[in-house]
Amino acid sequence: MALQQLQVEQPAVFDVPRSGAIGALAAEISMACENEGDFGAKARAALERAVACSDLLGSAQRQACCDGYARHVLYSDPLSRFTILAIVWGAGQFSPAHAHHTWCAYAVYDGPLHETVYTSDPSGLAKAVCTKVRNPGYSCFAGAGLEQIHRLGNAGTMPAISIHVYGVGRERVATHVNRVLEVVEQKDSLLDQDYEGAGAAPARHAR
Ligand SMILES: [Fe+2]
């Protein structure tokens, strides 16, 4: 099993929003951290509200990177309980297959994205189960560990954007989120192209 750490794109300017859709998202996640109940459901609902806002991101937060998918820190919890990022996926950019060292949630803002879902075999390798298209508004939550093993990316020709919340402070978001896994080689195409809905939805937000 190979363990690697993904690098994070550092934003040129980092401001902690106290208002607007990012501020509201941060406040909802903070409240969910403090209160009992289904944290995952609360995080997903908050993300779904956030990605419904057409003006959620500024132009700098929509910038792609030709060297790999770009991560823009949108909010850092002052108590280091979580960090919110926008990930901009250029055409053909994908993450490696990975599990997570911490809880995580994401929602698609501008897409679609492609997500391959894996299971972990007894030797700890990742085995692909299916690939799904995640359209704008889609959200999910997973706990730390092997609960979610996946590979996200953009198979389209235009940039796509997802909003992620990770259960670590900003100082650890580059080193303590993704746990990259080796993938079982599959000679034949075993992926179940189980697309959501009929065809990919058009991007929700104009650039
Ligand atoms: Fe992930």
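In what order do the strands of the open sheet stand? Before the answer, one caution: this is a predicted model.

Now the sheet. Five strands form it, and the order is β1-β2-β9-β4-β7. The pairing is antiparallel. Look at the two ends of that order. β1, residues 70-76, and β7 stand at the edges. Each has a single partner strand, so one side of each is left without a neighbour in the sheet. Neighbouring strands are turned by 20 degrees against each other on average, with direction ignored.

Is β1 mostly covered or mostly open? Covered: 6 of its 7 residues are buried. The partner of β1 is β2, residues 83-89, and the two pair in the antiparallel sense over 6 bridges. Ala70 stands opposite Val88 in β2. Tyr75 has Ile84 of β2 as its bridge partner. Between these two strands, the hairpin has 6 residues. Among them is Ser80, which takes a positive phi near 60 degrees.

Back to α2. This helix covers residues 39-51, which is 13 residues. From first C-alpha to last, α2 reaches 18 Å, close to the 18 Å expected at 1.5 Å a residue.

Which residues of α2 are buried? Ala43, Ala46, Leu47, Ala50 and Val51. Seen down the axis of α2, these buried residues fall within an arc of 125 degrees, so they line one face of the helix. And what do they pack against? On the strand side, β4 (104-110), β7 (139-142) and β9 (160-166). On the helix side, α1, residues 20-34.

That brings us to the helix pair. The axes of α1 and α2 come within 9 Å and cross at roughly 175 degrees. That makes α1 roughly antiparallel to α2. From α1, the contact is made by Ala21, Leu25, Glu28, Ile29 and Ala32. From α2, the contact residues are Phe39, Lys42, Ala43, Ala46, Leu47 and Ala50.

To recap. An open antiparallel sheet of 5 strands, with β1 and β7 at the edges.

Note on methods: Residues numbered from 1 in each chain as written. Predicted model: local features only at pLDDT ≥ 70, side-chain atom pairs only at ≥ 80, totals over all residues. Helix = DSSP H or I, 4+ residues; strand = E, 2+ residues; numbered from the N terminus. Expected span 1.5 Å × (residues − 1). Buried ≥ 20, exposed ≤ 12 C-beta atoms within 10 Å, placed from the backbone. Arc of directions from axis to C-beta. Contact = placed C-beta atoms within 7 Å. Pairing = 2+ DSSP bridges. Axes fitted to C-alpha atoms, helices over the stretch in contact; angles between N-to-C directions. Parallel < 35°, antiparallel > 145°, perpendicular 65-115°, else oblique.
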